[in-house]
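Here is my note on the model you sent. Please read the points with the structure open beside you.

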Amino acid sequence: MFDDRSPIYRQIADRIKADVLSGALKADEQVMSTNQYASYYRINPATAAKAFQQLVDEQVLYKKRGIGMFVGAQARDMLRAQGRETFFGEVVDPMVAEARAIGIPLAEVIRRIEQHEKNGGV
């Protein structure tokens, strides 16, 4: 379930974000409580609480006092926007720089992407 590459609370937060992005968790849907999460995954409740607090701070989740945690109404849109920025910054921008460095015209890169899309992304 969890690996040693990053802290468990980050892995929990990342998994919940992925569920929001995929639509598995919808806007205003209640998520498991920190205690339920801790019990289910056999982790320290404080670890789950830290992940949930991070998600509240990032406005992915919000608290309803005495009821629980819920997915924010704009969480999916916000995560998609962040993902787009990360994708362009970490994938597209370096790809364009590498293409320029080795003499590939940007138009050729675009044609290749469009051809890839026509072939069903294969």
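1. Start with Asp28. Asp28 lies in the loop between helix H1 (8–22) and helix H2 (34–41). Helices here are DSSP runs of H or I with at least four residues, strands are runs of E with at least two, and both are numbered from the N terminus. The phi of Asp28 is near 65°, a positive value in a residue other than glycine. Most residues other than glycine have a negative phi. Asp28 has a relative accessible area of 43%, so it is partly exposed. The cut-offs are under 20% for buried and over 50% for exposed, with partly exposed in between, using a 1.4 Å probe and protein chains only.

2. A word on the basis. This is a predicted model, in which local features need pLDDT of at least 70 and side-chain atom pairs count only at pLDDT 80 or more, while totals for chains, interfaces and linings use all residues. Residues are numbered from 1 along each chain as its sequence is written, and side-chain values use heavy atoms, leaving out hydrogens and water.

3. Look next at Arg42. Arg42 is placed in the loop between H2 and helix H3 (45–57). Its phi is near 55°, again positive in a residue other than glycine. Arg42 counts as exposed because its relative accessibility is 78%.

4. Now the hairpin. Strand E1 (residues 61–64) and strand E2 (residues 68–71) pair in the antiparallel sense over four bridges. Pairing requires that DSSP find at least two bridges between the strands. Lys64 stands opposite Gly68 in E2. Three residues lie between the strands, and Gly66 in this hairpin takes a positive phi near 80°.

5. Which ring does the charged end of Lys64 sit over? The ring is that of Phe70, with the charged end 4.6 Å from its centre. Lys50 does likewise with Tyr9, its charged end 4.3 Å from the ring centre. The rule asks for NZ of Lys or CZ of Arg within 6 Å of the ring centre and within 35 degrees of the ring normal.

6. Turn to the aromatics. Rings of Phe, Tyr and Trp (its six-membered ring) pair if their centres lie within 6.5 Å; planes under 30 degrees apart are stacked, over 60 edge-to-face, and the rest tilted. The count comes to five aromatic pairs. One of them is Tyr40 with Tyr41, edge-to-face at 4.7 Å centre to centre and 80° between the planes. Tyr40 is exposed at 58% relative accessibility, whereas Tyr41 is partly exposed at 21%. The ring centres of Phe87 and Phe88 are 5.6 Å apart with planes at 70°, so this pair is also edge-to-face. Phe87 is partly exposed at 42%, and Phe88 is partly exposed at 41%. Tyr37, Tyr40, Tyr41 and Phe52 form one aromatic cluster.

7. Gln53 is in helix H3 and is partly exposed at 32% relative accessibility. Gln53 and Lys63 are 10 residues apart in sequence and 9.6 Å apart in space, C-alpha to C-alpha.

8. Last, the domains. The protein chain is divided into domain 1 (8–73) and domain 2 (76–118), with bounds from an automatic or database domain assignment. Their centres, taken over C-alpha atoms, are separated by 31 Å. Eight residues of domain 1 are in contact with four residues of domain 2, contact being heavy atoms within 4.5 Å. The two domains bury about 530 Å² between them, 67% of it on carbon and sulfur atoms. Buried area is the accessible area (1.4 Å probe) that two parts lose on being put together, summed over both.
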